[in-house]
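Hi,

Here is the structure I said I would pass on.

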There are 2 protein chains.
Amino acid sequence: MVISMSRFNKYFLLKTDDVAEYVQEKLSFFPADAKFECKEIGDGNLNYVFRLVDTNTGKSIIVKQAGEATRISAEMKLSTDRGRIEAKILGIQAKYAPGLVPEVYLYDEVMCAMVMEDMIGHTIMRKALMNHEKFPLFADQITTFLVNSLLLSTDVVMNHKDKKTNVKSFINPDLCEISEDLVYSEPFIDYNHRNNVFSPNAEFVRKELYDDKALHLEAAKLKFEFMNNAQSLIHGDLHTGSIFINKEHTYIFDPEFAFYGPMGYDIGNVIANMFFAWCNADATIEDAEQRADYCNWIIDTIEEIVDRFIVKFKKAFEDNVKDVMAKTEGFMEWYLGTVLSDTAAVAGLESIRRTVGMANVKDITTIPDESKRARAERIVITLAKDYIMNRDNFKSGKDYRKAIEAAIAKF
Amino acid sequence: MVISMSRFNKYFLLKTDDVAEYVQEKLSFFPADAKFECKEIGDGNLNYVFRLVDTNTGKSIIVKQAGEATRISAEMKLSTDRGRIEAKILGIQAKYAPGLVPEVYLYDEVMCAMVMEDMIGHTIMRKALMNHEKFPLFADQITTFLVNSLLLSTDVVMNHKDKKTNVKSFINPDLCEISEDLVYSEPFIDYNHRNNVFSPNAEFVRKELYDDKALHLEAAKLKFEFMNNAQSLIHGDLHTGSIFINKEHTYIFDPEFAFYGPMGYDIGNVIANMFFAWCNADATIEDAEQRADYCNWIIDTIEEIVDRFIVKFKKAFEDNVKDVMAKTEGFMEWYLGTVLSDTAAVAGLESIRRTVGMANVKDITTIPDESKRARAERIVITLAKDYIMNRDNFKSGKDYRKAIEAAIAKF
């Protein structure tokens with residue numbers, strides 16, 4: 001009997017030097033005579049991400065390992081179970097939305113590591129948008145992903161027992177707690193004192209967020225909707241840093257926050273993060289014509305995302321609805337209405353928390369001109385409150401366009 | 001090494017003759033020289049229930065074993081995991097509402113059997129109500145049970161991670177499917193053709209239930225609320241057959257349908273089932289004065305349940321709320337409002353399904369006079385539709401009284 005001598009039978013944090021040996025032991029992806037180069041490429045807060053390249057063939061692979069604490073604070077411990085959740089949801093999403101998520105080659109429960117496709121030729125969308133690149137196919141591709149991954153995992157479509165098994169499998173307490181705190185609580189009451197408020201806006205934030213009790217009440221309602229509404233298998237962190245993109249193609253990745261929650265959460269995240277790109281472009285593109293052109297493309301894209309989502313949702317609902325009561329006349333319209341209301345609300349919550357909360361976005365924090373940054377943040381917060389307080393009125397792309405234009409016009 | 005020779009190391013269905021040996025092997029509850037008598041006492045659809053008595057001492061105990069199929073149809077297979085769920089929730093409820101649930105001495109995962117307290121000196125509440133007995137402490141005791149077991153298991157109060165662990169542990173696909181079909185689908189569209197419609201009311205049921213598309217739409221919305229809203233650890237089947245009662249005391253038992261669902265489900269079940277007792281009394285008590293007296297007691301009790309629930313809920317919320325956002329001014333009132341709306345809706349759904357669905361109630365089916373039974377059912381269905389269609393207007397006990405009186409006055 002051969003006793004396994006593998007170093008990888010017990011969890012430890014991989015270093016750059018370990019990765020080639022690890023991949024060669026676990027997978028027959030590279031030839032035995034591969035000549036490896038490995039780099040740590042991750043800049044996320046929770047994980048360690050390596051790219052391993054065989055310089056002989058140019059073939060490459062990604063290894064992502066879950067750490068036992070966040071990288072910004074060793075005190076924030078996190079269950080490594082999120083690695084299992086991420087590998088599992090990527091498998092499900094690959095079925096629902098083929099080609100729009102990276103392929104997973106291996107998930108290793110011992111090392112809490114996932115080996116996956118290297119999304120070659122794609123850039124992190126947030127960076128690309130900050131370079132003011134346009135992606136004409138994005139609205140079409142992201143709405144296909146959203147409708148398919150969200151609607152097909154509900155009990156409108158799925159066998160109800162299978163759906164409940166999924167709910168159980170994707171209970172994700174540690175990662176949900178992060179969202180409950182950072183999205184649904186701290187931006188309004190700063191009770192952990194972790195907010196990052198841009199000082200020229202301190203008074204504005206106090207008045208518009210900390211002192212607005214009516215806003216707190218809506219945020220509180222939405223927090224319990226987030227925690228209790230096991231509607232759909234959501235990505236849970238679908239910002240533009242979770243998207244790899246080029247002119248032809250979109251990859252959605254990093255779904256470690258996945259759980260069964262309200263589907264508007266994902267759609268709202270996409271919309272909010274697209275508008276951060278508007279803020280960056282508006283404040284940093286010097287040429288007026290180029291600026292207007294790019295800013296218009298962003299607003300057009302937000303409008304297009306909402307409208308395409310609605311069209312595809314209706315079609316997918318008609319094609320896939322299985323639950324006998326969900327076929328009742330008027331049900332689809334009501335159900336879509338609740339999704340659109342949640343979408344607007346989350347677009348508002350994400351807008352606020354990424355502007356004043358613990359995890360700001362570079363689109364805004366890198367705006368060099370203080371007064372332009374202050375203006376951008378005021379526009380975002382004003383727009384966000386409109387999204388939240390009037391969430392039932394956001395029923396089409398045009399409603400978003402109007403709200404965006406109204407918020408811009410105020411500052 | 002002693003090899004265990006126990007017959008009970010592998011699941012089989014207990015017979016009356018097996019129970020004494022089983023209990024003596026598993027528990028040191030009875031003396032070694034006990035003289036046993038055992039009877040099967042259950043008349044439920046899902047389980048086998050035995051009472052074991054030591055005739056020397058008079059001590060007794062209950063053994064409840066989960067079968068692998070329902071007793072009404074061998075084709076309806078059911079996971080025996082419901083036994084684990086039942087034993088576990090009884091333990092939790094015993095902490096939240098001490099003295100109001102039977103004590104569990106043992107849960108045996110192999111035999112899927114639970115050994116529990118014999119609720120001596122209590123009667124099944126449905127039978128007692130059909131004997132037109134009054135229980136003056138019931139409204140007080142049931143509302144203590146409802147508020148404590150429901151509110152204290154929410155994430156308003158609980159640590160959010162612990163609550164999610166509970167949600168996972170109480171995922172209950174088989175039993176939820178029964179409710180999804182029998183409560184939320186079949187009474188409206190009869191798609192499994194299992195409804196039991198009282199033939200003199202066939203035309204009334206067709207018009208009022210099968211043809212009412214607006215009602216179907218509300219039932220569909222409520223079905224997804226039931227499936228997706230993981231608000232609270234609910235009993236899931238809180239009708240008057242799940243209550244053992246006497247003049248001084250109430251026991252709530254049989255929580256095998258438990259899962260995390262909307263708390264209005266339990267409250268609505270109590271209200272609906274209390275009104276079935278009104279139907280029985282109104283149709284069968286011959287003396288006019290006695291009839292009026294008992295019927296008034298039922299309506300008073302329904303009013304009292306709603307009002308006491310509201311008072312205790314507010315107090316328990318103030319005393320126990322932990323979530324920082326749930327403390328926002330106005331949140332408690334909003335949250336209670338959603339609970340009361342769900343309560344009215346479920347009171348309606350339960351009223352309908354127990355009148356025309358697969359599982360009728362004896363309160364109504366035993367009414368000997370055909371025209372009186374037909375009238376009772378029409379009152380129930382009319383009232384139920386009011387509960388469902390106008391559920392946001394049921395905010396106090398008085399609102400229920402008015403609706404009940406209006407429905408009665410129509411027939």
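Before the strands, one convention: two strands count as paired if DSSP finds at least two bridges between them. Please also keep in mind that this is a predicted model.

Strand β4 (residues 104-108) of chain B runs antiparallel to β5(B), and 4 bridges join the two. One of the facing pairs is Val104(B) with Met116(B), the latter in β5(B). The two strands make a hairpin with 4 residues between them, where Cys112(B) has a positive phi near 50°. β5(B) also pairs with strand β3 (residues 60-66) of chain B, again in the antiparallel sense, this time over 5 bridges. There, Gln65(B) sits opposite Ala113(B) of β5(B).

- Strand β1 (residues 36-40) of chain A is antiparallel to β2(A) and joined to it by 5 bridges; Glu40(A) stands opposite Phe50(A) in β2(A).
- Strand β3 (residues 60-66) of chain A is antiparallel to β2(A) too, through 7 bridges; Arg51(A) has Ile62(A) in β3(A) as its bridge partner.

β2(A) and β3(A) form a hairpin with 5 residues between them, and Gly58(A) in that turn has a positive phi of about 80°.

Back in chain B, there is an open sheet of 3 strands in the order β6-β8-β9, with antiparallel pairing. Its edges are β6 (123-124) and β9 (250-252), each of which pairs on one side only. Strand β8 (residues 243-245) of chain B pairs with β9(B) over 3 bridges in the antiparallel sense, and Phe244(B) stands opposite Tyr251(B) of β9(B). Helix α4 (residues 138-151) of chain B lies across β8 and β9 of that chain, at about 35° to β9(B).

Now for a helix pair. Helices α12 (residues 331-356) and α14 (residues 370-389) of chain B pack at an angle of about 150°, and their axes are 7 Å apart. Angles over 145 degrees count as roughly antiparallel, which is why α12(B) is described that way relative to α14(B). The crossing of α12(B) past α14(B) is left-handed. On the α12(B) side, the residues that meet α14(B) include Ala344(B), Ala345(B), Ala347(B) and Gly348(B). Among those they meet in α14(B) are Val380(B), Ile381(B), Ala384(B) and Tyr387(B).

One residue I followed up is Ile92(B), which is in helix α2 (residues 81-96) of chain B. Buried means under 20% relative accessible area, and Ile92(B) qualifies because its value is 15%. Leaving out residues up to four places away in sequence, Ile92(B) touches Asn166(B), Phe170(B) and Leu233(B). Leu233(B) is 141 residues from Ile92(B) along the chain, yet their C-alpha atoms are separated by 9.5 Å.

Last, how do the two chains relate? Chain A can be laid on chain B with an RMSD of 0.0 Å, by a turn of 180° and a shift of 0.0 Å along the axis. That is the relation of a two-fold axis. The same surface serves both copies, as 100% of the contact residues of chain A recur in chain B.

Cheers

Technical notes: Residues are numbered from 1 along each chain as its sequence is written. Chains are lettered from A and ligands numbered from 1 in the order in which they are written. This is a predicted model: local features need pLDDT of at least 70, side-chain atom pairs count only at pLDDT 80 or more; totals for chains, interfaces and linings use all residues. Side-chain values use heavy atoms; hydrogens and water are left out. Copies are superposed by least squares on the C-alpha atoms of residues with pLDDT of at least 70 in both. Contact means heavy atoms within 4.5 Å. Axes are lines fitted to C-alpha atoms, for helices over the stretch in contact, and angles run from 0 to 180 degrees between N-to-C directions. Angles under 35 degrees count as roughly parallel, over 145 as roughly antiparallel, 65 to 115 as roughly perpendicular and the rest as oblique. A crossing is left-handed if the near helix is turned anticlockwise from the far one by less than a right angle, and right-handed if clockwise. Buried means under 20% relative accessible area, exposed over 50%, partly exposed in between (1.4 Å probe, protein chains only).
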